[in-house]
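Please open the model in the viewer and keep the sequence alongside it.

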Amino acid sequence: MGKKLVIVESPAKAKTINKILGKDFIVESSMGHIRDLPVKSLGVDVDDNFQPKYVLIKGRRKVADRLKKIAKEVDAIYLAPDPDREGEAIAWHLGAMLSAVNKEAPLLRVQYNEITPAAVRKAFDNPGVIDQHRVDAQQARRVLDRIVGYMVSPMLWRRIRRGLSAGRVQSVALRLVCERELEIRAFTPEAYWIHGALARKQVAPLDPFHIKLVRVDGEKAEIKSEEASQAILDDLKARSLKVQSIAIKQITKRPPPPYITSSLQQAGSSFCGYSPKRTMALAQMLYEGVDLGEGPVGLITYMRTDSVHLAQDAVDGCRAFIADKFGPDYIPEKPNRYKSRSGAQEAHEAIRPADVSVTPDDLRGKLEPAALKLYQLIWARFLACQMSPAQLQQRTVTITAVKPAADAREFLFNGSTTDIVFPGYMSATGADRKKGEGDDLDRVPEMVEGEPLDCVEWLSERKETQPPPRYSETSLVGALERNGVGRPSTYAQTVSTLYDRQYASREKRTMFPTELGMRVSEMLTETLGDLFNVSFTASMEEKLDRVENGEVEWTGMLGDFYKQFSEWLEKTKAPPAAEEDVGKVLSLLEEVTEWAPEVQRGKRKYSDEKFVQSVRKRQEGESDVSQRQLEAIVRLACKYGDQLPDVEQRLAEMGLAALVQTIHDTRPAEKTLRKLEMMQSVEMDESTAKFVGSLQQQTDGGRALSEAQVKVLDSIVLGAAEQIPDFESQSADMGLSMADIPEDEESGAILAGMIHVSEWNEPTQRGKRTYDDKAFYESLKGYYDRKKFLSERQRGALKKMCGRYGDQIPGFAELAETYGIKPPRPKKGAEESAEE
């Protein structure tokens, strides 16, 4: 019997499956996607039915060649990527590549929800074929994302700055974050007062307890002024308390459903403090396999799912485990069933342990602590979802402040206590123990109706209404899911993209839109609000689901979208500049006899004279000249004012006074120009020199730097203080001081972690430049040892380099989580095909 080739996405998964299948199978990894759309072009022929032009992904040549070589010699090829759209697309691309080198070997698609011997063998015993509808859904999503990103992002480059990006889902997520920020800024807090008392029985037990004022003269207690609050306190001073009534309510608390992707990310944040990205990385490790001493074992089911469905054999095993561990009372008569949201992929399962009998205690000391915490959550939630409901008893005591006279005001107070009668599923989640750990002052003792009570103290507290909270990473994921935006495979990547693009920042677990993020969102909302709209984006997700279900043809769906999208995009185009205005300014510039010399920065050359000539050619060729180009030549006219007498007055007489005033308002500050002049004599590394050069170009064009650019420039100038003659006297005039050097603990922590790196990548040559990680690290470390800080650009480069060596750095996961270090690019298809 000949060999069989099996291909999965990642080396870790390959290792686990290889152990299960044995010597007759060659198990290889594709390292995620093997082909994709090209990086530097649209890669989609919108005039030929949206045909994608796939190319081999950079860095995949060796992988592709190895797979082709093996495929030539085998009798069968099993395509075994993950059971979702991205996995199906990876299988399809692999099939297209390998069928060309071995036409005789059948291409078989195998899928499994967990990497256990039984599940994997069953999948290989019953192989299927590639689901073309699912592949088409992935292609449609990829093409949608490419069209939106490729065609909208340039608008941001023109109107804000180059390098910015828009994305079909990314920009909707940003809009949610920014609209919440605007709500918070517009919110006006209102004061209100809450009243209560610290009461005590007159007989044992004498422990005091809290009660809260709930009604005043039969109406809800809403106290909105200090005068009203004080009046209530004055009225209560001489009163005693008496129990008016006692109500007992039986409560049945049903167990929560098993985890899906979004709820696991939220739990990872709430209980473990993990970001969605880290939660998914740990879950992927648990899914693909962990070596427990006898080779790798898959510990949980597939972690990208929006379905709460559970396999019957898993439910049966869980119920048997519950009966053995907790007793028969903890098993409901019939298994608990849960309903997934509309559109969920019911063919998938919820996230659960692959083997419920493998308890967290069994894995203690074998799993890293972070992964063990996550496994504990998944294991406990799975048990809980198949257990009996908890039975609670809530006792609410209504207490009156005894009236001194019949016509006095009536004040009613409430105090309540909830006791667990039967813990049910809470025994698995630990909620029964937490219930018993509450504040003693919140627990109301046993009482009888009519019983008099002592008031230890009347309580009053001023509060203010609060604005809606900012999103955390997980609450944003929850909002995306509730609105039907994105899918499980994209949630974590969407959040990460907002940070990567510097559209949002994070403080503890709270997301804040940056100034740049607010500007980008405002522009996209004003110009393409219908496209980056929650309901429209959700409707596109529904259409992709219909493509996957075979109900809609994918290119037809794209055609409908592209027609609407083109209409929206056409409306965003700014009207051209008035031809008469352009002609007047060009005529004025004819008086310039001496132009500034051409300047080369990097590979580009900049010439004022050639730019004016290019605008003149456009006009003479009857091409439109944009408003930005008109503004640019007006700036040049102002720049050459020494050769153009009374230039600003002459421009004003042409009707361009408002444009001249705008140029005045956006001119670079004198301090900024002096800082850039200081840097002319400073030795800088190539990256810093390139950045400072770009700032110089911007100011040469008469444009002010942004607040963020000034901040980075200041840090560079401070770092070069030793090279600047008479720095102290000059810096005082520019508002700079060595005391302004920011505390930079993170650079020190990252550099300290990288001390452990012993195997460095070989230096590489690109053009005339050599990239040497080890030399770069040593230069940064020497700089930090002298200055105790790195500039923002240096820190960014350090973090990027650190991510490449994470496998050699002890505690890298915690370091990455704390300081926002990106690990090497994930080997997962869904992560690799992030939005443009």
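Begin by selecting leucine 310, found in the loop between β14 (296-297) and α10 (312-326); the model shown here is predicted. Leucine 310 is buried, with a relative accessible area of 6%. Setting aside neighbours within four places in sequence, its contacts include Pro258, Val315, Arg337, Glu349 and Phe382. Next, draw a distance from leucine 310 to lysine 242: their C-alpha atoms are separated by 53 Å, although the two residues are 68 apart along the chain.

**Salt bridges**

The structure holds 43 salt bridges. Select arginine 141 and glutamate 86, whose closest N and O atoms are 2.8 Å apart in a salt bridge. Arginine 141 belongs to helix α5 (residues 132-159) and glutamate 86 to helix α3 (residues 85-98), so the pair ties together parts 55 residues apart in sequence. Arginine 141 counts as buried at 9% relative accessibility, and glutamate 86 counts as buried at 3%.

Move to glutamate 541 and arginine 168, which meet in a salt bridge of 3.5 Å, N to O. This pair links distant parts of the chain, 373 residues apart: glutamate 541 is in helix α18 (residues 534-548), and arginine 168 is in the loop between α5 and α6 (170-186).

Then select Arg85, Glu88, Arg109, Arg134, Arg487, Asp545 and Glu548, which are linked in a network of salt bridges.

**A positive patch**

Finally, display the surface and select Lys40, Lys58, Arg766 and Lys800, which form a positive patch there. Lysine 58 lies in the loop between β6 (55-56) and α2 (61-71). Is lysine 58 buried or exposed? Lysine 58 is exposed, with a relative accessible area of 82%.

Technical notes:
Residues are numbered from 1 along each chain as its sequence is written. This is a predicted model: local features need pLDDT of at least 70, side-chain atom pairs count only at pLDDT 80 or more; totals for chains, interfaces and linings use all residues. Side-chain values use heavy atoms; hydrogens and water are left out. Patches are made of residues with over 30% relative accessible area and no salt bridge: like charges are joined within 9 Å, nonpolar side chains (Val, Leu, Ile, Met, Phe, Trp, Tyr) within 5 Å. Accessible areas come from the Shrake-Rupley method with a 1.4 Å probe; for residues, only the protein chains shown count as cover. A salt bridge is a side-chain nitrogen of Lys or Arg within 4 Å of a carboxyl oxygen of Asp or Glu. Lys and Arg count as positive and Asp and Glu as negative; His and the chain ends are not counted. The place of a charge is taken as NZ of Lys, CZ of Arg, CG of Asp or CD of Glu. Helices (H or I, at least four residues) and strands (E, at least two) are DSSP runs, numbered from the N terminus. Buried means under 20% relative accessible area, exposed over 50%, partly exposed in between (1.4 Å probe, protein chains only). Contact means heavy atoms within 4.5 Å.
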